[in-house]
Amino acid sequence: MSGTPLVLTCHHCGASFQRVQLVPGQWAQCVRCDSVLETYATFTPSAWLAVVCAAILTLALANAYPVATLVVQGAAQPASFFDAVVITWQTGYPEVALLTLAAGFVLPALHLGLLAWVLCWLVSGRLPPQFDRLLDWLERIKPWCMVPVFLMGVLVSVVKLAGLATLVPGVGLFATAVSAVLITSLSRLSAFRLRTIAFDAALPVGPVHEQGPPSPAQFTRIWALLLAALILYIPANLLPIMSIDAITGSSAHTIMGGVIELVGMGSWDIALVVFIASVVVPSFKLICLATLVWLAQQKNGQALRRRTHLYGMVEFIGQWSMLDVFVVILLSALGRFGALLSIQPGAGAVAFGAVVVLTMLAAMSFDPRLAWRRAGYRKHLSVQP
């Protein structure tokens with residue numbers, strides 16, 4: 001093991017601790033804000049590499065085969081993830097298509113590829129070139145990998161189309177489910193966990209680059225992002241997120257219209273999921289982030305621990321707002337039957353996708369250490385967690 005002890009720095013409050021060796025069932029917790037700094041590692045690098053390889057294989061299958069096939073009056077229409085992206089682009093919404101392609105395939109594939117590269121080197125007992133830079137990229141990409149959200153979008157789409165036609169699940173659906181589980185498990189493999197794996201293997205890991213003090217200049221950027229998200233949230237809810245043309249007539253659906261439709265179909269559980277992900281979560285993020293930023297600006301030192309936990313929740317739920325966007329593009333790919341049935345995305349999908357991106361950028365721009373620093377907690381601690 002390296003001679004220099006590894007330092008644990010809490011990214012939520014800035015407190016620093018000398019790392020101690022954990023035993024099974026133990027975890028290290030920040031004594032200042034209660035954030036979990038490290039948990040005991042049960043997986044070896046070889047085990048993690050096996051999970052990554054399985055995730056790569058299932059992600060490839062999920063995109064190579066149709067997610068489902070819609071059958072209307074004897075005509076069948078299969079749809080894969082890439083079909084959905086292409087159809088969305090062709091209908092005049094390239095912004096939504098590119099956002100979906102990036103979040104549903106490109107960034108997850110890049111994240112898995114980088115993990116596989118780093119773990120292959122660690123399994124061989126060496127550090128990969130540019131180790132620190134690779135860890136930084138892994139942390140930047142991870143929040144934008146939304147395969148689990150896409151899986152939920154598939155399930156919602158299945159429920160929505162159940163009353164219109166016969167829907168046959170495809171290989172892509174089952175592969176997506178498996179890849180979502182594997183990618184979710186890989187969320188525990190953070191950049192710090194990879195660093196500790198290398199450190200415990202006695203590899204020449206350099207010291208952790210100390211984060212500079214958080215700057216109040218971030219407030220202006222966050223307020224600008226939140227204001228833009230709030231402005232776009234209005235058309236996102238008022239404009240149709242998709243339109244349906246069928247032999248029985250045409251209709252346009254807003255976000256709340258889709259929720260009401262699911263309730264009318266008797267799918268209360270799915271309606272609740274869509275309502276939470278598409279209405280509650282965006283509103284919750286806007287209100288919470290605005291409150292956290294305002295309290296930090298006011299140098300308010302009350303309930304700092306609860307505010308830190310609240311920020312962690314905002315970070316965690318951020319990507320789930322993409323649910324409705326995935327639902328729209330999947331329905332557009334499946335509902336292509338000419339005069340019998342045609343489903344197309346609407347302008348509301350573009351506005352809503354922008355709201356998701358802006359609120360996630362706002363959450364990433366906010367450094368929770370700043371709230372502690374402005375409340376008077378300037379010095380790092382040097383005790384064991």
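Which residues are linked with Arg19 in a network of salt bridges? The exercises below treat this question and several others.

This is a predicted model, in which local features need pLDDT of at least 70 and side-chain atom pairs count only at pLDDT 80 or more, while totals for chains, interfaces and linings use all residues. Residues are numbered from 1 along each chain as its sequence is written, and side-chain values use heavy atoms, without hydrogens and water.

**Exercise 1. Identify the network that contains Arg19 and describe one of its pairs.**

Step 1. A salt bridge is a side-chain nitrogen of Lys or Arg within 4 Å of a carboxyl oxygen of Asp or Glu. The whole structure holds 7 salt bridges.

Step 2. Arg19, Glu38 and Asp200 form the network.

Step 3. Glutamate 38 and arginine 19 are joined through their side chains at 2.9 Å, N to O. Glutamate 38 belongs to strand E4 (residues 36–39), and arginine 19 to the loop between strand E2 (16–18) and strand E3 (27–29), 19 residues apart. Helices (H or I, at least four residues) and strands (E, at least two) are DSSP runs, numbered from the N terminus.

Step 4. Glutamate 38 and arginine 19 are both buried. Buried means under 20% relative accessible area, exposed over 50%, and partly exposed in between (1.4 Å probe, protein chains only).

**Exercise 2. Contrast the sequence separation in the pairs aspartate 34 with arginine 305 and aspartate 136 with arginine 140.**

Step 1. The salt bridge of aspartate 34 with arginine 305 has an N to O distance of 3.0 Å. Aspartate 34 is in the loop between E3 and E4 and arginine 305 is in helix H11 (residues 304–317), so this pair ties together parts 271 residues apart in sequence.

Step 2. Aspartate 34 is partly exposed at 27% relative accessibility, and arginine 305 is partly exposed at 36%.

Step 3. Aspartate 136 and arginine 140 meet at 2.9 Å, N to O. Both lie in helix H4 (residues 131–141), 4 residues apart, or about one turn of the helix.

Step 4. Aspartate 136 is partly exposed at 37%, whereas arginine 140 is exposed at 52%.

**Exercise 3. Check the span of helix H5 (residues 147–161) and state its cover.**

Step 1. The expected span of a helix is 1.5 Å times one less than its number of residues. For the 15 residues of H5 this gives 21 Å, and the end C-alpha atoms are 21 Å apart, which agrees.

Step 2. Of these 15 residues, 12 are buried; among them are Phe150, Ser157 and Lys160.

**Exercise 4. Describe the surroundings of valine 325.**

Step 1. Valine 325 is in helix H12 (residues 323–334) and is buried at 1% relative accessibility.

Step 2. Apart from neighbours within four places in sequence, valine 325 is in contact (heavy atoms within 4.5 Å) with Val96, Thr100, Ala349, Phe352 and Gly353.

Step 3. Phenylalanine 150 is 175 residues from valine 325 in sequence, and their C-alpha atoms are 9.1 Å apart in space.
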